[in-house]
Amino acid sequence: MINQPNSQSTVEEEVEQQASADASDAQQEPVGDVVIRERKKKRKRKKKQRKSKRRFPLAAKVILIIVAVLAVIGLGFCAFLQYNIHKGNEQLHVEHPDVAETGTTVNHDGHTYKYNNNVVAILVLGKDDESRYGTNRSCTDANMLVTLDTETKNLNILAIQRDAMVDVDLYEDGQYTYTAEHQLAVAYGVDVSDDDAAAHNSMKSVSKLLYNLPVNRYFTLEMNAVAELSTAVGGVMVEALDVYPGADFEVGDTVLLQGQSALRYVQYRDINIDKSAQDRQARQMQFVKAFIEKLRTLDAGTLLDLYNTVQQTTYTNLELSDITYLISVFLDGKSATTSFTAIEGDTLLETDDDGVEREHVYLYEDSVMDAALAAFYTLEE
């Protein structure tokens with residue numbers, strides 16, 4: 001229950017006194033549906049006495065009451081908002097005293113790096129219904145680890161190639177069977193119960209790749225959501241790195257992507273062309289960067305509207321308090337920076353377990369270490 005301030009009860013008492021005074025000034029005789037007022041001669045004397053005591057009209061007092069109630073409700077909403085921001089802050093900033101293989105301090109290439117406790121890591125997965133691996137579950141065509149430094153408000157986006165060879169836990173009928181080296185995209189496409197289990201499997205593979213650094217939050221969206229999101233923000237401007245069949249622009253053109261044009265731009269690849277998945281990843285990173293720049297110009301209400309727009313095509317283990325906190329941090333970082341990191345490696349054409357030849361990307365160890373440090377550490381010296 002919301003406790004209303006004393007000022008409101010004072011206004012209500014004045015309204016009652018006004019109504020009582022008006023009632024005592026007149027005698028009413030009902031005639032059918034009409035009320036006839038018989039005024040007394042002393043009415044003028046009372047009216048003169050009231051001139052010295054200035055009172056608001058009844059309508060004005062009602063407005064004051066409404067304003068008072070709205071103020072109380074506003075205070076209650078602000079308290080609710082602050083509670084969720086505080087709760088999200090606590091939930092997302094869990095200390096990791098034992099930071100697996102890397103440790104809290106790392107010496108690399110003559111520099112010292114310290115683990116950044118202000119970092120919140122979220123694995124963003126883009127799944128495509130057209131991409132599968134021996135099951136009814138979609139694989140992921142986009143795998144980006146987004147790390148937000150909640151103190152500086154800076155974002156780092158680590159793009160990991162879908163064909164990167166990593167340790168993947170494999171399942172049969174929802175039961176774990178064994179762990180094998182596979183493309184990262186397969187981690188989401190394994191035979192598990194639902195999208196939450198698939199996302200957790202992807203997080204586990206990414207965490208293993210990055211020396212078991214903590215990756216505990218995910219945000220999965222169906223690639224079709226790109227069309228809705230791009231339209232909702234009024235389009236995203238890019239300089240075209242590539243074209244898709246039927247595109248009305250050429251490579252190098254500055255184009256405003258929205259709706260289906262945005263979706264095709266980040267989704268299309270020709271599987272008959274070597275490293276086409278890597279070319280697509282470059283377009284995805286370009287699009288995401290421009291999209292984030294657009295988001296930084298929006299207010300909290302619009303950001304929440306965007307989330308509501310794609311709720312049916314997204315999956316996440318972020319709670320309301322987590323999202324509230326992250327939006328508050330993001331909005332506070334209008335001048336913050338967004339940096340991109342991509343892990344490099346060698347691409348080989350090899351035969352998978354199902355007998356199909358596919359590209360396998362074997363990541364360079366130094367590139368993996370650089371990416372891990374950029375995402376989770378700060379340079380000390």
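The following questions and answers concern a predicted model of a protein.

Reader: How many helices and strands are there in the protein?
Author: The chain has 381 residues, of which 43% count as buried. Its secondary structure comprises eleven helices and 17 strands.

Reader: In which sense do strands β8 and β9 pair?
Author: Strand β8 covers residues 165-172 and strand β9 covers residues 175-183. The two form a hairpin with two residues between them, and Asp173 in the turn has a positive phi of about 55 degrees. Over eight bridges, the sense of the pairing is antiparallel.

Reader: Which residue of β9 is the bridge partner of Tyr171, and how are the two rings arranged?
Author: The bridge partner of Tyr171 in β9 is Tyr176. A search of the whole structure finds six aromatic pairs. The ring centres of Tyr171 and Tyr176 lie 5.9 Å apart; the planes meet at 75 degrees, and planes over 60 degrees apart count as edge-to-face, so the arrangement of Tyr171 and Tyr176 is edge-to-face.

Reader: Are Tyr244 and Phe249 buried or exposed?
Author: These residues form an edge-to-face aromatic pair, with 5.7 Å centre to centre and 80 degrees between the planes. Residues under 20% relative accessible area count as buried. Tyr244 has 11% and Phe249 has 6%, so Tyr244 and Phe249 are both buried.

Reader: Over the ring of which residue does the charged end of Arg283 sit?
Author: A charge counts as sitting over a ring if, among other conditions, it is within 6 Å of the ring centre. The charged end of Arg283 is 5.7 Å from the centre of the ring in question, which belongs to Tyr265.

Notes: Residues numbered from 1 in each chain as written. Predicted model: local features only at pLDDT ≥ 70, side-chain atom pairs only at ≥ 80, totals over all residues. Heavy atoms only, no water. Helix = DSSP H or I, 4+ residues; strand = E, 2+ residues; numbered from the N terminus. Buried < 20%, exposed > 50% of the residue type's maximum accessible area, 1.4 Å probe, protein only. Pairing = 2+ DSSP bridges. Phe/Tyr/Trp six-rings, centres within 6.5 Å; stacked < 30°, edge-to-face > 60°. Lys NZ or Arg CZ within 6 Å of the ring centre and 35° of its normal.
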